[in-house]
Amino acid sequence: MLAAAWLLPGFPLVLAGRFTGLPLVFMFVPLAAALCYLAVRQLPGNWPAFRSPPEATPLHAPQYQATHRKGTQQPAPEQPAPEQPAPEQPAPEQPAPEQPVPERPVPWWALAGTVAVAVVFAVWQIAERTEQIIFLRDPSTYLQVGYWLAHHGTLPIPNSLAAFGGQHTGLSFASVNYYPRASGIVPQFMTGMPIVLAASIWLGGVPAALVTTPLIGACAVLSFGGLAGRLAGPRWAPAAAAVLAISLPEQYTSRSTFSEPLAQVLLFGGLCLLADSLVVKPTVSASGKPRVPGQDMVLAALAGLALGLTILVRIDGLSDILPAVPFLGVLLAARRRQAVPFGVGLVIGVGYGLADGYFLSRPYLDLEAPSLRPLALITAVVIVLTVAAVALTARPAAKAKAKLASLRTAKLARWLPGAAAALTVLIFVGFAIRPLVQTVAGETDPTSIAYVAELQKLAGLPIDGRQQYYQNSLYWVIWYLGIPAVLLGAFGLAVLARRGLRALLTWQDASQALRIWALPGMIALWVIVTVLYRPAVSPDQPWASRRLVPFVLPGLILGAIWASVWLKERAGQLGRTRVTSAVVASCCVASLLIPAALTNFDLGFTKTATGRHLSAHGMAFRRIGTGELAAVTKLCAAIGPHASVVILDSLTADRFAQLVRGMCDTPAAVLTKVTPATVGAVVTGIDGAGRRPILLAENEDELASYGGSPRAVVNLLTTQEAHNLTTPPTRTWFIHYTVWLTIPALPPPGGSAA
């Protein structure tokens, strides 16, 4: 809710070019207080669950009468609307529905354990945080845009052409992730993450911004534990949070200014709110009717809003939350009170994201058009089918009841749920054998082809820069979670798919557990299939692992945790002792934690003079970009005031152009056609504008022809992420940044004053 409260007023202010601290804080504080109050004023004391075997709870067992506690209410099944058919007994050939399991109060240690996991995660990631300030990949772009917003409050970024004396031959302002548009520069990506980073920069500058993402990542771990507790039981929340926290991709994206952790916070938080809305008991008016709006409707609206706002953070969120459309259709068909508020909140959140893409990130959307056009078509088809299905259910209650009865006895209702489970398993089998039958080699971008070819050369692999390595996507998951997690996750999702589809076809959910699993399960299956089929990312690791972070790894962990619950209960029934259940539960948790830890820590034995000792060489304790902040501070001091910077090579421009504009507060441009004449013209133009010309280049010899005294102002040897194509990363790589600066003569030797 805090993230939503910051983004809701923040984006309109950016759109209006008035993103400043005081008005934003004035709007944020009351909005945050209101949203948090509405979200927690009435919560369920526990959530519905079901045991896997139908015989676990006799059909004649009475419903569990929960005791009410102050400030909370137990979930109670809602009364069907008048036009909805009353629940019927299943046909003789149908299996008995899962029965509700008596819930115990949430134990204190479950909450304390989940919070402890998040706190340890935050401390750990802050200690190992990166300093990716110099552009190398996306994190520095988010940071630089956030810095610009914090100090200038507007987008696009003006090119400051007047500071160079007007337009000159070869003078450009574009660089990687920054696109020229009219008289400005449009940064790539959505603005949700920079808006959040701007708040940290206001509070404590760049050092505070570098701490922000680890804290957001810790919130994501905490909210994921809450989601797992709602879906699988609160006692499993610490285990689920720990598995996600120990995985390398989660730590990798939480140590730098990636957008994925913020998207997770909104996604997990939205699903938690939705689960609460489906089980909380609405308050009743004096006439005996539920109040409008009740807490169930309020929570549903907040859930839709949070899910929709993920698009403001990541354009890929549009695909991630696509299953919310058919889920909304089911709510409408069931005449649930939460349907309309959930839909309204979803539309508002999605509207924010689409407006951001259209008005502030249009070149980025054009770049992603090959992926967005098929997604738009799929979205349109899903919406049309959902509307048609809802329209078919809008019929008199008698006809609907007769139709429902005939559907329950149809053969389709008997074999289709099993087919859904089988299909889920076959999907994972297909991804497992995919490397044996397919080599994905469809890259067309020359820069990406050259990059992959160079990595192949370094790794001693056959050279084919067109390879994308998407056929190995399931094995990326296995590297980071392990085979047990994938097997348990596939099993859990398959069983849930069977039960969920059966409940949908028979219109029965006696335990009320399947309804809260519906949207998380749909998102998990959809995201796993779409992302693993086409990750749409450069295939080097750990970079490619960021595509697994939003819901591929979390979805599999949720399925694996549910499967662990199922196995524990089966073992308890077969063994008839609590010890048996505890042993099975412990083994399941260990099978999820150990493989993830082995990859992250790269545990092994090191030979020393005193013998062999256990050691950890993995990415768990590897920092990236150490020293970059100090190097940038030195660069800005060397440039000085009242300067205009011209960069003479594309690599230095990609790395430093926006950094100079933002953190050094100095106009910067790149010269794409470097000759004595073009350099002389630009230098003369800068001097005519009353500013000091500064030339930057990667090497000294690039500046030797233009007078002055070239000197090295950046000479930093630091670490970067690995770039492995066929193995998980266990080490960092070195990278050497060099920047030379000179103040050219007026006019420079061989230059022109024209």
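A residue counts as buried under 20% relative accessible area, as exposed over 50%, and as partly exposed in between. Arg335 has a relative accessible area of 27%, so Arg335 is partly exposed. The model described here is predicted.

The chain has 754 residues, and 54% of them count as buried. Its secondary structure comprises 25 helices and 13 strands. The accessible surface amounts to about 30,900 Å². Carbon and sulfur atoms account for 66% of that surface. Among contacts between residues at least 6 apart in sequence, 80% join residues at least 24 apart.

Helix α11 covers residues 324–333. This helix is mostly covered, with 7 of its 10 residues buried. The buried residues are Ala324, Val325, Phe327, Leu328, Gly329, Leu331 and Ala333. Their cover includes four other helices: α8 (260–279), α12 (339–359), α14 and α20 (513–533). Arg335 follows α11 and lies in the loop that leads from α11 to α12. Its phi is positive, near 55°, although Arg335 is a residue other than glycine. Most residues other than glycine have a negative phi, and most peptide bonds are trans.

Helix α14 spans residues 369–393 and contains Leu385. Leu385 has 57% relative accessibility and therefore counts as exposed. In sequence, Leu385 is 56 residues from Gly329. In space, the C-alpha atoms of these two residues are 9.3 Å apart. Gly329 belongs to the buried set of α11, and α14 is among the helices that cover that set.

A second residue with a positive phi is Ser160. Its phi is about 55°, and Ser160 is not a glycine. Ser160 is found in the loop between β3 and β4 (171–172). Its relative accessible area is 32%, so Ser160 is partly exposed.

Cis peptide bonds occur at two prolines, Pro156 and Pro542. Leu155 and Pro156 are joined with omega at about 0°. Pro156 lies in the loop that runs from α4 (138–152) to β3 (157–158). Gln541 and Pro542 are joined with omega at about 10°. Pro542 sits in the loop between α20 and α21 (552–575). Helix α20 also contributes to the cover of α11.

A search for aromatic pairs across the whole structure returns 18. One of them joins Phe164 and Phe173: the ring centres are 5.7 Å apart and the planes meet at 70°, so this pair is edge-to-face. The angle class follows from the cut-off, because planes over 60 degrees apart count as edge-to-face. Both Phe164 and Phe173 are buried. Elsewhere, ring pairs link four residues into a cluster: Trp6, Phe19, Phe28 and Trp202. A charged side chain also meets a ring. Arg546 lies over the face of Trp543, at 4.7 Å from the ring centre.

Arg230 is another arginine, found in helix α5 (residues 192–232). Its relative accessible area is 15%, so Arg230 is buried. Leaving aside residues up to four places away in sequence, Arg230 touches Trp47, Pro48, Cys272, Ala275, Asp276 and Ile516. Arg335, by contrast, is partly exposed at 27%.

The surface carries a nonpolar patch of about 700 Å². It is made by Leu423, Val425, Leu426, Val429, Ile433, Leu436 and Val437. Val425 lies in helix α16, which runs over residues 411–437. At 40% relative accessibility, Val425 counts as partly exposed. An α-helix has 3.6 residues a turn, so residues three or four places apart point the same way.

Terms used: Residues are numbered from 1 along each chain as its sequence is written. Side-chain values use heavy atoms; hydrogens and water are left out. Helices (H or I, at least four residues) and strands (E, at least two) are DSSP runs, numbered from the N terminus. Buried means under 20% relative accessible area, exposed over 50%, partly exposed in between (1.4 Å probe, protein chains only). Rings of Phe, Tyr and Trp (its six-membered ring) pair if their centres lie within 6.5 Å; planes under 30 degrees apart count as stacked, over 60 as edge-to-face and the rest as tilted. A charge sits over a ring if NZ of Lys or CZ of Arg is within 6 Å of the ring centre and within 35 degrees of the ring normal. Contact means heavy atoms within 4.5 Å. Patches are made of residues with over 30% relative accessible area and no salt bridge: like charges are joined within 9 Å, nonpolar side chains (Val, Leu, Ile, Met, Phe, Trp, Tyr) within 5 Å. Accessible areas come from the Shrake-Rupley method with a 1.4 Å probe; for residues, only the protein chains shown count as cover. A salt bridge is a side-chain nitrogen of Lys or Arg within 4 Å of a carboxyl oxygen of Asp or Glu.
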